Amino acid sequence: MQETRFCLRVRHFLLYSMSDSNTTDFTNIFTFILLGIPGLEAAHVWISIPFCVMYAIAILGNFTILFIVKREPSLHGPMYYFLCMLAVTDLVVSTSTVPKMLSIFWFNSREINFSACLTQMYVFHCFSVMESGILVAMAFDRYVAICDPLRHSAILTNRVVAKIGLVVVLRGSILILPYLFLARQWPYCRTNIIPQPFCTHMTVVNLACADIRVSSYYGLFVQIWVNGLDVFFIVVSYTQILRAIFSLPTKDARIKTFGTCTSHLCSILVFYIPRLFFSLAYRFQQNVPLHFHVLIAIVYLLMPPMLNPLIYGVRTNQIRGRLLQLFTHNGT
């Protein structure tokens with residue numbers, strides 16, 4: 001439903017664009033034009049500043065997480081391995097889209113090759129699905145650590161963590177692969193204008209001059225399957241975790257145990273709440289300008305990569321302590 005209503009808005013925009021032959025320049029049928037933020041082209045340079053800062057924080061923060069976990073042997077455990085997986089997915093998702101977006105804002109470099117557009121689309125959706133899967137794996141790690149702490153190291157061995165990571169990668173790769181095949185098979189003859197600064201599944205297939213219901217229904221299936229199933233497993237894990245916490249004898253023990261989950265809970269909220277807001281905006285705010293929806297999409301894209309390393313850097317004592325050691329050592 002969310003995708004269908006958004007499709008109507010995009011189709012209306014594309015039909016309007018085609019009605020003016022002076023605004024659409026078909027130099028190559030295999031080249032798309034990324035508009036950036038429609039209606040705010042004059043402010044692109046200024047709009048780019050906060051997005052550039054967010055991207056810089058995401059790059060610096062996630063590489064710092066990877067560096068600290070690699071250098072500190074005490075952090076070589078399941079929780080931090082999953083955190084490294086999360087950092088890698090955040091780096092890939094943001095780097096697959098933001099550099100091109102900034103080149104549009106700064107240099108008006110709006111053209112993108114058909115194959116490059118499909119590659120960007122696949123990488124973005126694939127690693128977004130992987131990130132959701134990693135959050136489920138981290139919820140399972142917290143469940144075992146709190147509900148069965150004596151067997152935590154025996155259950156979540158390095159081999160098991162590697163297998164979970166492989167399942168997460170394969171799930172994301174296989175589920176999103178039909179996006180690529182379906183998008184390649186459609187004929188594109190309407191227009192080559194994409195009314196946002198990066199390629200996504202529905203914005204690309206909406207340009208096809210064919211019946212794209214298969215793509216639309218499969219995209220909806222992936223959203224329901226991934227979000228619904230992952231949120232279900234997270235809720236089940238935290239239901240068991242809360243039961244175990246409330247069974248502890250003292251208030252201090254309950255607070256201390258729950259504190260080990262706060263970083264993960266914050267990451268879940270950072271990932272799923274913007275996605276929920278994104279969905280509600282397209283379902284109930286049909287009179288909102290298109291550029292507002294595009295801005296929401298960009299914020300949704302950049303928030304998790306920027307905030308996740310900050311959350312774990314501030315909330316996790318081991319990472320915070322290691323960071324302080326690095327700065328103190330460099331200062332002396």
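The structure is a predicted model, in which local features need pLDDT of at least 70 and side-chain atom pairs count only at pLDDT 80 or more, while totals for chains, interfaces and linings use all residues. Residues are numbered from 1 along each chain as its sequence is written, and side-chain values use heavy atoms, with hydrogens and water left out.

## Disulfides

A disulfide is a covalent bond between the sulfur atoms of two cysteines. Here a disulfide is taken to be a pair of cysteine sulfur atoms within 2.5 Å, and by this rule the count comes to two disulfides. When the bonded cysteines are counted along the chain, the disulfides follow the pattern 1-3, 2-4.

| Disulfide | Distance between sulfur atoms |
|---|---|
| Cys117 and Cys199 | 2.0 Å |
| Cys189 and Cys209 | 2.0 Å |

Helices (H or I, at least four residues) and strands (E, at least two) are DSSP runs, numbered from the N terminus. The link of Cys117 and Cys199 is left-handed, with -120 degrees about the S-S bond. Cys117 lies in helix 5 (residues 114-147) and Cys199 in the loop between strand 3 (193-194) and helix 8 (201-205), so this pair ties together parts that are 82 residues apart in sequence.

The disulfide of Cys189 and Cys209 is right-handed, because the torsion about its S-S bond is about 135 degrees. This pair links distant parts of the chain, with Cys189 in the loop between helix 7 (158-185) and strand 3, and Cys209 in the loop between helix 8 and helix 9 (213-246), 20 residues apart.

Are these cysteines buried or exposed? Buried means under 20% relative accessible area, exposed means over 50%, and partly exposed lies in between (1.4 Å probe, protein chains only). Cys117 is buried, with a relative accessible area of 0%, and Cys199 is also buried at 0%. Cys189, by contrast, is exposed at 52%, whereas Cys209 is partly exposed at 25%.

## The nonpolar patch

Val45, Trp46, Ile49, Val53, Ile57, Trp106, Phe107 and Leu310 form a nonpolar patch on the surface, with about 840 Å² of accessible area together. Patches are made of residues with over 30% relative accessible area and no salt bridge, where like charges are joined within 9 Å and nonpolar side chains (Val, Leu, Ile, Met, Phe, Trp, Tyr) within 5 Å. A salt bridge is a side-chain nitrogen of Lys or Arg within 4 Å of a carboxyl oxygen of Asp or Glu, and accessible areas come from the Shrake-Rupley method with a 1.4 Å probe.

Helix 2 (44-71) and helix 4 (98-107) are the elements that give two or more residues to the patch, and helix 2 gives the most, with five residues.
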